[in-house]
Amino acid sequence: MTVNTSVLDVQGFNLHINEHHILKDINLSFYRKKVTAIMGPSGCGKSTLVRSMNRLNDLISGVRMDGGMYLYKKNLLEMNPILVRRKVGMVFQRPNPFPTMSIYDNVLSGYYLNGIKLTKAEKEEIVVDSLEKAALWDEVKNGLHRKGTFLSGGQQQRLCIARALAMKPKILLLDEPTSALDPKATTRIEELIIELKSKVTIIMVTHNIGQASRISDMTAFLYLGELIEYDCTDTIFTTPKHTRTEEYLTRKFG
Amino acid sequence: MSNGSRPILFVELKERLFKKLLLVSGLLAIGLLLGIFFTLLMESMLSIRETGVSFLYQSIWDPVRETFGAWPFLLGTMITSVLALIISVPFSFALSLFLGEYLKEGAFRSVFNGMLDLLAGIPSIIYGFWGLFVLVPMVRDFENSIGVLAHGVGIFSSSIVLALMIIPYSASISREVISLVPQDLKEAALSLGATPWEVIQKVILPYAKSGMFAGVLMSFGRAISETMAVTMLIGNSNKIPTSLFSPANTLASVIANEFAEASEALYLSSLVELALILFFVTAIFSLLGRYIIKKWMPVQ
């Protein structure tokens with residue numbers, strides 16, 4: 001596989017919470033306009049790793065991070081977390097549109113929250129563009145001013161994706177985005193992720209081995225806080241180098 | 001197995017008895033409420049028949065001439081309670097946001113929370129004493145300095161002490177309401193680049209505002225019915241208050257002040273009618289608060 005430019009380089013990254021060593025010397029690079037899946041059994045630290053990338057772990061008390069996470073060569077661990085989060089969007093396990101806001105306002109909520117003023121035309125453009133990218137436009141265009149919480153779970157999750165995309169992030173983090181959805185909604189989201197990778201770099205945590213093989217270009221396998229293997233998804237799934245990876249993929253554990 | 005052979009009939013009987021017991025205690029509570037209501041109603045019948053609706057707007061309360069109007073006390077109650085609310089709301093909201101959002105863990109938080117609960121548990125007579133010995137002299141000096149008649153006791157002093165008394169109560173209600181805001185939503189806002197203040201302003205407050213408003217109403221119900229501390233501080237005057245510094249009486253304080261000396265039937269009955277009004281007003285605010293929390297809190 002031709003290695004193109006990396007967007008995010010994680011170098012010698014360690015994370016402790018109090019005396020627990022959660023992530024151990026992680027080194028890996030995420031490439032532009034690729035989907036990277038992060039897999040591993042429960043408790044291996046995959047969510048923690050992803051949540052370090054937009055500094056949401058800062059909220060945990062007793063957390064200590066060292067090493068580097070270079071977003072376009074700048075260590076995001078040393079940047080202002082507010083700025084990092086505007087560049088690195090995130091979608092969570094459970095769909096979480098703001099219940100007090102309409103669909104329209106949910107898409108624009110990143111701008112509202114940051115106090116950025118937009119003209120009516122700019123708003124329209126962002127809303128239409130983001131909802132189209134999130135493959136939700138056709139379903140909601142006639143009810144943009146209804147509350148986002150009236151949508152189905154899968155639609156809500158696509159609304160959350162639209163909300164993240166509206167901020168034009170460099171990277172989109174997806175933390176098990178389909179684990180709360182039914183199979184049909186899951187398929188929609190998976191199709192969407194494949195479409196989206198031409199526009200944004202995607203890093204996705206998933207429990208679902210099949211999902212990783214279907215939609216990711218690169219796969220990282222984490223086990224007990226260590227990065228066991230990182231390679232092209234094809235390679236990982238056909239000829240894994242480590243027995244741990246192979247055992248996990250053949251569902252011997254995890 | 002002795003357990004396995006226990007007759008199912010016996011278990012069922014126990015289950016049914018337990019349910020009955022719960023039902024009885026529930027009915028007892030309702031019975032108590034209705035009992036109080038009808039007692040008040042019956043005892044105030046004489047006054048209701050004698051004075052009629054004018055009881056509510058008649059501005060003279062003169063037991064000697066047997067003229068009974070509740071207006072000075074209604075006014076006194078509303079002014080002290082509203083003033084207390086105005087003083088307390090900024091503090092209790094700030095306190096609840098501080099405890100709910102900024103000080104999320106650690107020893108300090110437990111100390112703060114513990115003190116808040118302790119404050120809520122202090123008997124109101126102690127607040128009254130503190131008010132008399134510490135606050136009233138200060139208020140008197142203040143009144144002297146701005147050139148109003150210096151009573152010290154009166155609406156102003158009562159409202160300050162009332163505010164202190166309801167802060168722990170309303171802060172703990174809004175703290176609970178704020179803690180109902182899903183962590184999901186806060187994280188979503190943070191992940192979009194919001195600062196903690198922006199999260200409070202644009203996610204937490206819109207979500208929690210109806211609950212916080214309901215908390216204010218419930219605190220208002222509390223302030224209206226507070227008796228002991230207000231009786232000590234309000235100055236026991238049955239005239240219509242003319243300023244925030246006037247001595248006055250609230251519904252509760254006039255009952256406490258005069259109940260022991262009410263010897264004539266109509267006098268006593270009029271005091272009971274005041275109690276009936278108080279009963280209604282507090283019930284309305286408490287019910288309204290609960291209704292708003294139930295009805296308007298957004299659901300996820």
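A compact globule of 300 residues would have a radius of gyration near 19 Å, but chain B has 24 Å. The radius of gyration is taken over C-alpha atoms, and the globule rule is 2.2 Å times the number of residues to the power 0.38. Along the principal axes, the C-alpha atoms of chain B fill a box of roughly 80 × 60 × 35 Å. This is a predicted model, in which local features need pLDDT of at least 70 and side-chain atom pairs count only at pLDDT 80 or more, while totals for chains, interfaces and linings use all residues. Residues are numbered from 1 along each chain as its sequence is written, and chains are lettered from A and ligands numbered from 1 in the order in which they are written.

Chain B has 12 helices and two strands; helices (H or I, at least four residues) and strands (E, at least two) are DSSP runs, numbered from the N terminus. The order of its elements from the N terminus is α-α-α-β-β-α-α-α-α-α-α-α-α-α. Helix 1 of chain B, residues 8-43, has 36 residues and reaches 52 Å from its first C-alpha to its last, close to the 52 Å expected. The expected span is 1.5 Å times one less than the number of residues in the helix. This helix 1 of chain B is hardly covered, for the count of buried residues among its 36 residues is zero. A residue is buried if 20 or more other C-beta atoms lie within 10 Å of its own, exposed if 12 or fewer, and partly exposed in between, with C-beta atoms placed from the backbone. In chain B as a whole, 39% of the 300 residues are buried.

The domain assignment, which is automatic or from a database, divides chain B into domain 1 (8-43) and domain 2 (73-296). Their C-alpha centres lie 33 Å apart. The contact between them takes four residues from domain 1 of chain B and five residues from domain 2 of chain B; two residues are in contact if their C-beta atoms, placed from the backbone, lie within 7 Å.

With 254 residues, a compact globule would have a radius of gyration near 18 Å, and chain A has 18 Å, which agrees. The C-alpha atoms of chain A fill a box of roughly 55 × 40 × 35 Å along the principal axes. Chain A has 11 helices and 10 strands, and 45% of its 254 residues count as buried.

Asn18(A) has a positive phi of about 50° although it is not a glycine. Asn18(A) is found in the loop between strand 1 (6-17) and strand 2 (20-31) of chain A, and is exposed, with 10 other C-beta atoms within 10 Å. Ala135(A), also not a glycine, has a positive phi near 55°. Ala135(A) lies in the loop between helix 5 (120-133) and helix 6 (137-140) of chain A, and counts as partly exposed, with 18 C-beta neighbours inside 10 Å.

The largest nonpolar core has 137 residues, and among the members that touch the most others are Ile38(A), Met204(A) and Val161(B). A nonpolar core is a set of buried Ala, Val, Leu, Ile, Met, Phe, Trp, Tyr and Cys residues joined through C-beta atoms within 7 Å. Leaving aside neighbours within four places in sequence, Met204(A) is in contact with residues including Val35(A), Leu174(A) and Ser216(A).
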